[in-house]
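Biologist: Hi! Could you walk me through this one, starting with the ligand site?
Modeller: Happy to, let me bring it up.
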Amino acid sequence: MVSLSWLESLSGAELSHVHITLLVFLLVFYTVKVINQNRRDLANIPPGPKPWPLVGNFDGTVKNAMVVLTEQANVYGNVYSLFVGSQLMVVLNGYEVVKDALSNHSKVFSDRPDIPAITIMTKRKGIVFAPYGPVWKKQRKFCHATLRNFGLGKLSLEPCILRGLATVKTELMRLNEGSGAAGVDLAPLIRNAVSNVICSLILGQSFHHEDRQFRNMLDLMDRGLEISVNSPAVLINIFPLLYYFPFGVFKELRQVEGDITVFLKRVIANHRETFNPDHPRDLVDMYLKEISVQEDSSFTEDYLFYIIGDLFIAGTDTTANSILWILLYMVLHPDIQGKYRVQAEIDEVVGTHRDPSMTDKGSLPFTEATIMEVQRLTVAVPLAIPHMASKTTEFRGYTIPKGTVIVPNLWSVHRDPTLWDDPRQIECFIPFGIGPRVCMGEQLAKMELFLAVSSLLQAFRFRLPEGTPPPTLNGRFGLTLAPCPYTVCVHPRR
Ligand code: HEM
């Protein structure tokens, strides 16, 4: 052991002088060490384009990000590096690499990064952006089990989904008559039906699509997401203090966040007031019950608040956009929609006098294949949700430093020209991700897609309004890929 007794023999003045010298020495030593460490850490990272000082490779645009990132794999390989500011990101392309990282190296690559704009809003609670660890695991397990208990992925949820679709059909007829040749925008109706399923599971109630409060809430979530990923507010990720700027999108983002908070806190308070532990009505009740019996301190009303927000955001746009994409492709391919293909199959198996059921799924292979093919072509969450390396690791010959943001490029998997000619490649179909962070709502989403598509195509023939040019198939990229707005004319088939 090193003795420091010599220090005691120094006078006060000498001591402070020594202190300062020591401090400067330590500071220089530490800085050099950090720089060397960074150099060493970055010495064997995957190749990539040269970053600019301060902004890195980030040019402020996210439009078509998945296409650009996929093209770059042709230059730098399937595992390559980018910098956003000084943050290292490694982009994973192609099925083999994505699977290798998220399944075979799942212990290292299942964490979530601390993205300033998101951390400010989620406090790293909930499920989607929670760090990989025991709290995330417990919360996810509890929510998954509870949602299953209320019907997620099971036949018992079917009536709830079909009720929502019945409303969509009635409203479609009404709006179609009113809109004449201009056609109807399907998006608000579909979004409403999808989020009502989540509402029933979580809040035990559904809302009319014209309910002002509910619409307002959906619009706020949309706007919040849009601002977070598709506006100058993305700069918060490089300069976090921008979040507090008192004007523009920064101010709007805080306002949106505040309004969503008020809505959700009111929902929880209403549940607490009418709560009966013997008759839990929905996920919120089950969670309140869990808070009262669990000794685990991660179960709190505060945590519940973030979970509700997560499930709405993760479960609404993803599913609604997927349905809208499928209907758009049907409009653009009337032969596939028409009497010789999807509708012919539905007519033959289900007929016209009853609703389709999940039990028909096995007998409707063409309908199912059509849904999957559009999912493949449009990849609702093209860059998944960012992952993070929780420790420095070797991956495919490169060193990935702890804290690196990992971007699983699901677009590159589903658009890989070497993969999809062979129908046996079905294992590479991973629109819900892969590994421990795989989508928690996969079974629910599959049910909703199947029932919505089969039920709407059973009831109507959809076509573009006369003289309207077909919308571009590029879509609009936020966290999800949404189709550009379009309208359709609706013809009842019964
Ligand atoms: C077609 C519809 C959907 C698609 C394409 C989709 C896709 C995805 C993808 C790609 C991820 C990220 C996986 C990763 O991080 O590697 C994800 C995560 C997630 N999804 Fe979905 N999703 C859909 C519907 C839903 C629904 C309906 C729910 C609601 C119950 C939901 C809840 C979640 C949750 C909670 C996560 C985060 C999981 C975690 O971090 O542990 N999703 N989803």
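Modeller: One definition to begin with: the domain bounds used here come from an automatic or database domain assignment. Keep in mind, too, that this is a predicted model.
Biologist: Thanks! Which domains give residues to the shell around the ligand?
Modeller: Domain 2 (46–114 + 382–430) and domain 3 (125–381 + 431–492) both contribute, so the ligand lies between them.
Biologist: And which residues come nearest to the ligand?
Modeller: There are 25 residues around the ligand, and the nearest are Gly-315, Gly-433, Cys-439, Gly-441 and Ala-445.
Biologist: Which helix gives the most to that shell?
Modeller: Helix 13, with four residues. Helix 13 spans 301–315, and helix 14 (317–332) and helix 19 (442–459) also supply at least two residues each.
Biologist: How do the shell residues divide into nonpolar, polar and charged?
Modeller: The shell has 16 nonpolar residues, six polar ones and three charged ones.
Biologist: Switching topic, what is the strand order in the open sheet of three strands?
Modeller: The order is 3-11-8, and the pairing is antiparallel.
Biologist: How many bridges join strand 3 to strand 11?
Modeller: Two, with strand 11 covering residues 487–492. Val-184 has Val-488 in strand 11 as its bridge partner.
Biologist: And how many join strand 8 to strand 11?
Modeller: Four bridges, again with the strands running antiparallel. On that side, Phe-462 is partnered with Val-490 of strand 11.

Technical notes. Residues numbered from 1 in each chain as written. Predicted model: local features only at pLDDT ≥ 70, side-chain atom pairs only at ≥ 80, totals over all residues. Near = placed C-beta within 6 Å. Nonpolar A, V, L, I, M, F, W, Y, C, P; charged D, E, K, R; others polar. Pairing = 2+ DSSP bridges.
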